[in-house]
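Please keep the sequence and the structure in view while reading.

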Amino acid sequence: MKKIAVFTSGGDSPGMNACIRAVVRTACFHDLEIMGIIHGYEGMINDEFVPLDKKSVSNIIQRGGTILKTARSKRFMTQEGMKKAYQNLKKHKIEAVVAIGGNGTFTGAEEFSNIYPINIVGCPGTIDNDLVGTDFTIGYDTAINTVVDAVDKIRDTAESHDRVFIVEVMGRDAGLIALRSGIAAGAEGILIPESKNDIEKLLKRLAKSRKDKASKIIMVAEGDESGGAYKVAERIKEKYPNYDVRVSVLGHIQRGGSPTCMERVNASRMGYAAVQALLDGKKNVMIGIVNKHIHHTPFSKAIKHIEELNPELLKMMEILSM
Ligand code: F6P
């Protein structure tokens with residue numbers, strides 16, 4: 001193997017740059033040529049390839065976003081798009097690829113390498129932490145720290161005005177951001193897609209706990225079946241018209257910012273391990289870290305986010321927050 005490429009795809013996440021840096025520098029250490037593909041699969045189709053070297057990844061480990069830019073490519077899901085992408089990889093003599101992204105990225109990578117002879121290894125880049133085969137995805141730790149910081153500030157207003165605040169966080173299909181940041185911020189309620197009918201339980205609990213402490217923080221994952229923070233606020237107002245309820249949707253603030261120390265270290269380890277895996281002839285696997293050790297998980301398994309969360313955590317949150 002003489003030449004590889006790296007790209008980021010799907011939603012950006014803090015730590016992607018640290019991962020790119022590790023991939024590039026490990027490749028250089030092994031005397032591999034390396035190219036970056038701008039805008040992920042879209043750039044593969046549009047021939048947006050740029051040569052990278054040790055210097056091109058200087059001073060990026062601390063930066064959020066991705067220097068390679070990213071996109072959610074619909075065209076790559078078509079036979080025509082994949083054909084064009086493969087032609088461009090061949091044109092640049094790319095023999096293997098490191099893909100940094102989430103579910104959509106790995107679903108596309110697996111389909112692509114089943115049709116065309118190209119080895120792809122993935123690094124989990126998403127704030128959602130919704131991949132099997134790693135304790136933490138790249139971006140998750142920074143995102144939950146951003147959320148905790150924001151909720152601590154909201155708490156000041158909630159407490160001063162005796163208000164109930166509904167805070168919506170990202171997580172289209174997964175409630176892991178809401179769960180972990182909710183525990184850390186001492187939230188009085190957490191509504192996540194993995195736990196059904198949780199709004200009914202919350203409505204009952206609210207009245208009881210309101211007697212002791214009027215202010216409340218309720219974390220809602222955007223993918224919760226309740227329909228999001230505004231819907232939850234409506235339900236609470238319906239049942240308790242005298243509560244002073246406010247909504248705060250944190251949005252894309254969760255995706256940006258300088259990665260935490262843990263993020264930078266994990267991302268560096270995964271990028272380094274991805275090049276090693278390609279050198280070992282591995283393909284269609286996602287690199288992860290489980291119990292501090294590097295793991296290789298087939299894409300087909302990595303994309304199957306577990307629906308059930310540890311019920312102990314939810315129980316603990318209820319006990320500790322009341
Ligand atoms: O996949 C990461 C994520 O941040 C989800 O939590 C969220 O639903 C989605 O991306 C938002 O994507 P976009 O920025 O494309 O609207």
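## Contacts with the ligand

A polar contact is a pair of N or O atoms within 3.5 Å. In this predicted model, an N or O atom in the side chain of R72 is 2.9 Å from an oxygen atom of the ligand. D128 places a polar side-chain atom 2.7 Å from an oxygen atom of the ligand, and for H252 the distance from a polar side-chain atom to a ligand oxygen atom is likewise 2.7 Å. Of the 400 Å² of accessible area that the ligand has on its own, the protein covers 76%.

The residues around the ligand are R72, I127, D128, M170, G171, R172, E222, H252 and R255.

## The largest pocket

The volume of the largest pocket is about 570 Å³, and 28 residues line this pocket, with G10, G11, R72, G104 and R172 lying nearest its centre. Sorted by class, the lining holds 14 polar, eight charged and six nonpolar residues.

## Where the lining comes from

Helix α4, which spans residues 103–115, gives the most to the lining of the largest pocket, namely three residues. Both domain 1 (3–139 + 259–304) and domain 2 (142–255) take part, since each supplies at least three residues to the lining.

Key. Residues are numbered from 1 along each chain as its sequence is written. This is a predicted model: local features need pLDDT of at least 70, side-chain atom pairs count only at pLDDT 80 or more; totals for chains, interfaces and linings use all residues. Side-chain values use heavy atoms; hydrogens and water are left out. On a 1 Å grid over the protein atoms alone, a cavity is a set of points where a 1.4 Å probe fits but cannot get out, and a pocket is an open set with protein on both sides within 12 Å along at least five of seven lines; lining residues have an atom within 4 Å of a point. Grid points are joined across faces, edges and corners, and a volume is the space filled by probe spheres set on the points. Helices (H or I, at least four residues) and strands (E, at least two) are DSSP runs, numbered from the N terminus. Ala, Val, Leu, Ile, Met, Phe, Trp, Tyr, Cys and Pro count as nonpolar, Asp, Glu, Lys and Arg as charged, and the others, Gly among them, as polar. Domain bounds come from an automatic or database domain assignment. A residue is near a molecule or strand if one of its heavy atoms lies within 4 Å of it. A polar contact is a pair of N or O atoms within 3.5 Å; within protein, one must be able to donate a hydrogen and the other to accept it, and residues adjacent in sequence count only if both atoms are side-chain atoms. Accessible areas come from the Shrake-Rupley method with a 1.4 Å probe; for residues, only the protein chains shown count as cover.
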